[in-house]
Amino acid sequence: MSKTKDITKFSTEQFQEFLMSFDIVMCDIDGVLWHLNKPIEGASGSLVTLQNLKKEVYLVTNNSTKSLESFYKSLQYKCLNLNSDHVINTIKLITWYLKKIDFRDEVFAIVPEAAWEMLKEAGIRLTEPPKVFQTNIPATVKEVLDRPSVKAVIVDFDVNCNWSMLALAISCLKRKDVLYIAGATDEWLLIQPQITILGPGPLINIISEQSGRKPILCSKPSQNLKDYILDKCNVTDLRRCLFIGDSINQDMKFASMCGCIKLFVGTGCDTLEQAQKEDDTCPDYYLPSLGQLFSVYNDPQCQRTVNHKNS
């Protein structure tokens, strides 16, 4: 029997009880707030209403393909009135981790251009990616041989990843003293409802299998992300956090790891039925879309009572 409660079927009293159960909101972005650059109707507005109810909102994403600067300029972000500390992506987490362990050596990074710039701005020393010479095979091979100066390999979702990058990463990781750090490991990426494309996970799996190494994870779900939230966010009790997500293996598993309240929305690539199959992915609450969160809140009596309790 499912333990998941459908918020759209709540009474006013049940909805009030739900709102009073958390102080912090952590929300995924892709598949929850928008698909690619198309906003999901009402989703950002629901977060704004939560802010108006004095809930502190953080956005937590595995997507580092956009620069934070371009993200901050988006209309969806601007309406939320968040500062940069309230947006967490994989590269921000990786940078925090490297600084935490006082890493100062050279890095080979398979990351998108925006992430490359973020790492450079953070003072991370990056080695140039390997070159490919179509008519000079020996020169190409030389490019993908181990580089002793490299002391860490970082892999995130890079649409320009190619054979030479994978080969160099594997060559460097043959040395056990080289750190292996991974960002997003999603198997699939949602483009629009019911349409998915290959994610970064399978490419990371190739590097892991051929190098015989397991990466230090810096994404959802990972212990490092949990540690980051406790270190950098205004969170004192994870049990008073509502985590909103659309994915089973990333969002719901991470929320379970942290002991957060889990809200699953049906606008992603996973279904509620799939989420309910395992204890660590089974959500506490469900919504077809985040934009429907305040359908119960339209009751004037509910508005007066909740506003009074949050004042």
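**Reading cysteines and helix contacts**

User: Does a relative accessibility figure tell me what I need here: is Cys241 buried or exposed?

Analyst: A residue under 20% relative accessible area counts as buried. Cys241 is at 0% and therefore counts as buried. Keep in mind that this is a predicted model.

User: How many disulfides does a search of the whole structure find?

Analyst: A disulfide is a covalent bond joining the sulfur atoms of two cysteines. The sulfurs must lie within 2.5 Å to be counted. Searching the whole structure gives zero disulfides. For Cys172, which is in none, the nearest cysteine sulfur belongs to Cys161, 14 Å away. Cys172 is also buried, at 0% relative accessibility. Cys241 is likewise in no disulfide, and its nearest cysteine sulfur, on Cys260, is 4.8 Å away.

User: How are helices H5 and H10 placed relative to each other, and at what angle do their axes cross?

Analyst: Crossing angles of 65 to 115 degrees count as roughly perpendicular. The axes of H5 (residues 90-100) and H10 (residues 223-232) come within 10 Å and cross at roughly 80°, so the two helices are roughly perpendicular to each other.

User: Which residues meet there?

Analyst: On the H5 side they are Lys92, Leu93, Trp96, Tyr97 and Lys100; on the H10 side, Asn224, Leu225, Asp227, Tyr228, Asp231 and Lys232. By class, this contact holds five nonpolar, one polar and five charged residues.

User: What covers the buried residues of H11?

Analyst: In H11 (residues 248-258), the buried residues include Ile248, Met252, Phe254 and Cys258. Their cover includes H10, strands E14 (241-245) and E15 (261-265), and helix H12 (272-275). Just after H11, Gly259 has a positive phi of about 80°.

Conventions: Residues are numbered from 1 along each chain as its sequence is written. This is a predicted model: local features need pLDDT of at least 70, side-chain atom pairs count only at pLDDT 80 or more; totals for chains, interfaces and linings use all residues. Side-chain values use heavy atoms; hydrogens and water are left out. Buried means under 20% relative accessible area, exposed over 50%, partly exposed in between (1.4 Å probe, protein chains only). Axes are lines fitted to C-alpha atoms, for helices over the stretch in contact, and angles run from 0 to 180 degrees between N-to-C directions. Helices (H or I, at least four residues) and strands (E, at least two) are DSSP runs, numbered from the N terminus. Angles under 35 degrees count as roughly parallel, over 145 as roughly antiparallel, 65 to 115 as roughly perpendicular and the rest as oblique. Contact means heavy atoms within 4.5 Å. Ala, Val, Leu, Ile, Met, Phe, Trp, Tyr, Cys and Pro count as nonpolar, Asp, Glu, Lys and Arg as charged, and the others, Gly among them, as polar.
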